[in-house]
Amino acid sequence: MYDIFIAPFVEFSFMARGLFGALFLALSASAVGVFLVLRRMSLVADSMSHAILPGVALGFLIAGMSMGAMLIGGFLTGILVAVLAGVIARLTSLKEESSFAALYLISLGLGVILVSIRGTNMDLVHVLFGSVLTLDNFNLLTIMVMSSLSVIVLAIIYRPLILDCLDPVFLKAEGGGGHLTHVVFLLLLVTNLLAGFQVLGTLMVVGMMLLPAIAAKFLGKTLIQQLVIAVVLGMVSAYLGMVISFQVDLPASACIILTAGVLYIFALCFGSQGGLFRQLITKRKE
């Protein structure tokens with residue numbers, strides 16, 4: 001058991017760095033994901049994960065595989081897409097979700113082209129799917145700082161964020177700054193996507209946000225319970241995914257997301273809060 005579950009992280013420093021990076025990502029991203037599900041913004045998260053790609057690609061073109069340059073580029077692009085989606089939604093009859101969808105498709109195509117101009121196929125795969133096993137100390141520290149700040153900011157806006165999710169009209173009437181809360185939450189979303197693209201890539205980082213959060217809805221009754229369960233499931237997915245990846249020699253990011261998917265299916269079937277088997281038992285009793 002030691003050789004399977006512990007030895008890889010003790011004997012190989014790249015495995016230890018990758019695990020810590022994935023755990024910190026799960027800490028903040030899974031918590032943000034709970035609010036994404038509560039606000040019915042799951043598709044917006046998927047759109048934003050693609051929207052940051054052109055900025056990441058521009059950072060790559062300018063400075064190569066520089067974490068700092070790609071983070072700055074991705075952050076600016078994510079904010080630009082969020083602002084444009086909001087402007088389009090206000091000036092036209094198109095809903096904000098549809099605006100995000102249109103912009104992310106454009107961003108995805110542009111980002112792939114930009115990476116392909118200078119980079120190789122391996123560079124494109126690295127940006128799109130991440131490489132948790134190549135994290136160096138600087139990248140790991142960056143992820144840890146961004147995740148920690150995200151948790152702090154989420155704690156600060158926790159109460160107005162809940163009100164904005166459940167009763168935005170009341171929050172606005174009480175002067176609670178609903179628009180500001182929404183903007184800060186979008187910034188948190190972009191920050192976590194940027195923190196995670198180095199680990200899971202721009203295409204799969206949203207899986208760490210949504211799969212544990214959706215699974216938690218079937219397991220936790222209250223919001224606090226769902227937050228705790230989502231974070232735990234995210235961390236378990238990160239750990240088991242890396243163990244499976246090391247033992248069977250498969251891509252770590254894909255193993256992490258698939259592990260989270262298995263946990264989601266388990267929660268969907270056996271969860272105490274509306275799981276399929278619980279509903280089936282309830283119907284039979286009736």
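# Notebook: a helical chain, predicted model

I began with leucine 71, which touches Thr142, Met146, Leu194 and Phe197 when residues up to four places away in sequence are not counted. Contact here means heavy atoms within 4.5 Å. Before going on I noted the ground rules: this is a predicted model, where local features need pLDDT of at least 70, side-chain atom pairs count only at pLDDT 80 or more, and totals for chains, interfaces and linings use all residues. Numbering runs from 1 along each chain as its sequence is written, and side-chain values use heavy atoms, with hydrogens and water left out.

**Leucine 71, continued.** I placed leucine 71 in helix H6. Helices are DSSP runs of H or I with at least four residues, strands are E runs of at least two, and both are numbered from the N terminus. Leucine 71 counts as buried, at 12% relative accessibility. The cut-offs are under 20% relative accessible area for buried, over 50% for exposed, and partly exposed in between, with a 1.4 Å probe and protein chains only. I also looked at glycine 59, which is 12 residues from leucine 71 along the chain. Their C-alpha atoms are separated by 7.6 Å.

**Whole chain.** I then stepped back. The chain has 15 helices and 0 strands. It has 286 residues, and 49% of them count as buried. I took the contacts with a separation of 6 or more and asked what share comes from residues 24 or more positions apart. The share is 74%.

**H5 against H6.** I went back to H6 and its packing with helix H5, residues 53–63. The two pack at about 150°, and their axes are 6 Å apart. Axes are lines fitted to C-alpha atoms, for helices over the stretch in contact, and angles run from 0 to 180 degrees between N-to-C directions. H5 passes H6 in a right-handed crossing. A crossing is right-handed if the near helix is turned clockwise from the far one by less than a right angle, and left-handed if anticlockwise. On the H5 side I listed Pro54, Gly55, Val56, Gly59, Phe60 and Ala63. They meet Ala69, Met70, Gly73, Gly74 and Thr77 in H6.

**Glycine 86.** I stayed in H6, which spans residues 67–91 and holds glycine 86. Is glycine 86 buried or exposed? I found a relative accessible area of 8%, so glycine 86 is buried. The C-alpha of serine 99, 13 residues away along the chain, is 7.8 Å from that of glycine 86.

**Serine 147.** I next checked helix H9, residues 137–156, where serine 147 lies. Its relative accessible area is 0%, so serine 147 is buried. Which residues does serine 147 touch, not counting those up to four places away in sequence? They are Phe24, Leu25 and Ser28. With serine 28 there is a side-chain to side-chain polar contact at 3.4 Å. A polar contact is a pair of N or O atoms within 3.5 Å; within protein, one must be able to donate a hydrogen and the other to accept it, and residues adjacent in sequence count only if both atoms are side-chain atoms.

**H13 against H14.** I turned to helix H13 (residues 223–248) and helix H14 (residues 252–270), which pack at about 130° with axes 7 Å apart. That makes H13 oblique to H14. By the cut-offs, angles under 35 degrees are roughly parallel, over 145 roughly antiparallel, 65 to 115 roughly perpendicular, and the rest oblique. The crossing of H13 past H14 is right-handed. Among the H13 residues at this meeting I noted Leu233, Val236 and Ser237, and among those of H14, Cys255, Thr259 and Leu263.

**Leucine 263.** I looked at leucine 263 in H14. Leucine 263 is partly exposed, at 23% relative accessible area. Leaving aside neighbours within four places in sequence, its contacts are Ala215, Leu233, Val236 and Ser237. Leucine 263 and valine 236 are 27 residues apart along the chain, and their C-alpha atoms are separated by 9.3 Å.

**Aspartate 249.** I finished in the loop between H13 and H14, where aspartate 249 is found. Aspartate 249 has a positive phi of about 60°, although it is not a glycine. Most residues other than glycine have a negative phi. Aspartate 249 counts as exposed, at 70% relative accessibility.
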